[in-house]
Amino acid sequence: MPHTKDSHKTLSLIITTFASFFARFAGLLTQVITAWYLTPDDFGVYAIALGITTFTLIMRGGGTGLIYQTMRPQEYAAVGGGLIRLALIFAVLGALFTLGAALPAQNYYDQKSLAWVLVSMAVLAVFNHLSLYPRAKMASQLLFKEIAWIDVFTSVVKLATAFLLARAGWGALTFVIAQICSTFLQMILCSIWRNSSVKISR
């Protein structure tokens with residue numbers, strides 16, 4: 001029915017808009033929480049780690065994230081497995097470069113927590129690329145309403161994780177671990193929601 005389709009599109013648009021605003025609001029709350037509990041040194045350590053990973057993670061999946069966005073649903077069965085393997089190769093290489101920089105950077109900047117922050121960011125880099133595939137596959141199937149609900153839920157998880165870790169004194173690791181938790185959860189939910197397996201297929 002045309003009326004039913006129009007109503008469904010309107011509902012999807014409302015939910016997607018709500019999810020977008022909610023994610024931004026949750027991000028703002030996360031910044032307020034970290035600013036309240038963390039010290040300037042914690043922010044400094046995280047800034048140093050971001051600067052280092054700008055170089056060590058420069059390959060960023062070899063551009064596969066951009067290719068995912070242009071693919072049609074039927075193309076995932078044909079070339080999806082090869083693309084995710086390529087993305088993982090670049091992600092693992094970037095993670096290894098980041099791990100290799102951890103101890104030298106810690107000694108150079110004399111920041112004991114810097115090495116652990118870089119190790120965590122290496123893990124996050126792999127999860128980021130693993131999460132892109134199932135999310136992009138859902139988008140190719142026009143499942144924007146479902147993606148929006150996943151974004152809302154993962155934003156709540158990220159906010160709660162940041163609050164608990166910051167309050168417990170985890171320092172700069174708060175930023176990265178909160179992202180790891182939300183990204184990993186997004187990967188799982190997107191994979192389960194539409195049976196979009198992240199298993200590397202031939």
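The legends below describe an overview and several close-up views of a predicted model.

Figure 1. The chain has 7 helices and 0 strands. Read along the sequence, its pattern is α-α-α-α-α-α-α. The C-alpha atoms fill a box of roughly 65 × 40 × 20 Å along the principal axes. Of the 202 residues, 43% count as buried. The chain exposes about 11,700 Å², and carbon and sulfur atoms supply 68% of that area. Among contacts between residues at least 6 apart in sequence, 77% join residues at least 24 apart.

Figure 2. Thr-30 counts as buried because its relative accessibility is 13%, under the 20% cut-off. Leaving out residues up to four places away in sequence, Thr-30 touches Leu-159 and Ala-162.

**Figure 3. A nonpolar patch on the surface.** Six residues are shown here: Ile-89, Val-92, Leu-93, Leu-96, Phe-97 and Leu-99. Together they have about 530 Å² of accessible area. One of them, Val-92, is found in helix α4, which runs over residues 73-109. Val-92 has a relative accessibility of 39% and so counts as partly exposed. In an α-helix there are 3.6 residues a turn, so residues three or four places apart point the same way.

Figure 4. Pro-104 is found in helix α4 and, at 47% relative accessibility, counts as partly exposed. Pro-104 and Ala-115 are 11 residues apart in sequence, and their C-alpha atoms are 8.5 Å apart in space. Asp-110 is found in the loop between α4 and α5. Asp-110 counts as exposed because its relative accessibility is 66%. The phi of Asp-110 is positive, near 55°. Most residues other than glycine have a negative phi.

**Figure 5. Ser-120 in helix α5.** Helix α5 spans residues 114-140 and includes Ser-120. Ser-120 has a relative accessible area of 12%, so this residue is buried. A polar atom of the Ser-120 side chain lies 2.9 Å from the backbone oxygen of Trp-116. Setting aside neighbours within four places in sequence, Ser-120 is in contact with Leu-173, Val-176 and Ile-180.

**Figure 6. The salt bridge between Asp-151 and Arg-135.** A search of the whole structure finds 1 salt bridge. In this salt bridge the side chains of Asp-151 and Arg-135 meet, with an N to O distance of 2.7 Å. Asp-151 lies in helix α6 (residues 144-167) and Arg-135 in helix α5, so the pair ties together parts that are 16 residues apart in sequence. Side chains of opposite charge can pair when their charged atoms come close. Asp-151 is buried, with a relative accessible area of 18%, whereas Arg-135 is partly exposed at 26%.

**Figure 7. Length of helix α5 and the residue Leu-142.** Helix α5 has 27 residues. From its first C-alpha to its last, α5 reaches 39 Å, close to the 39 Å expected at 1.5 Å a residue. Leu-142 follows α5 and has a positive phi, near 65°.

Technical notes: Residues numbered from 1 in each chain as written. Predicted model: local features only at pLDDT ≥ 70, side-chain atom pairs only at ≥ 80, totals over all residues. Heavy atoms only, no water. Buried < 20%, exposed > 50% of the residue type's maximum accessible area, 1.4 Å probe, protein only. Contact = heavy atoms within 4.5 Å. Patch = residues over 30% accessible without salt bridge, like charges linked within 9 Å, V, L, I, M, F, W, Y side chains within 5 Å. Areas by Shrake-Rupley, 256 points an atom, 1.4 Å probe, with all protein chains shown as cover. Salt bridge = Lys/Arg side-chain N within 4 Å of Asp/Glu carboxyl O. Helix = DSSP H or I, 4+ residues; strand = E, 2+ residues; numbered from the N terminus. Polar contact = N/O pair within 3.5 Å; in protein donor to acceptor, adjacent residues only side chain to side chain. Expected span 1.5 Å × (residues − 1).
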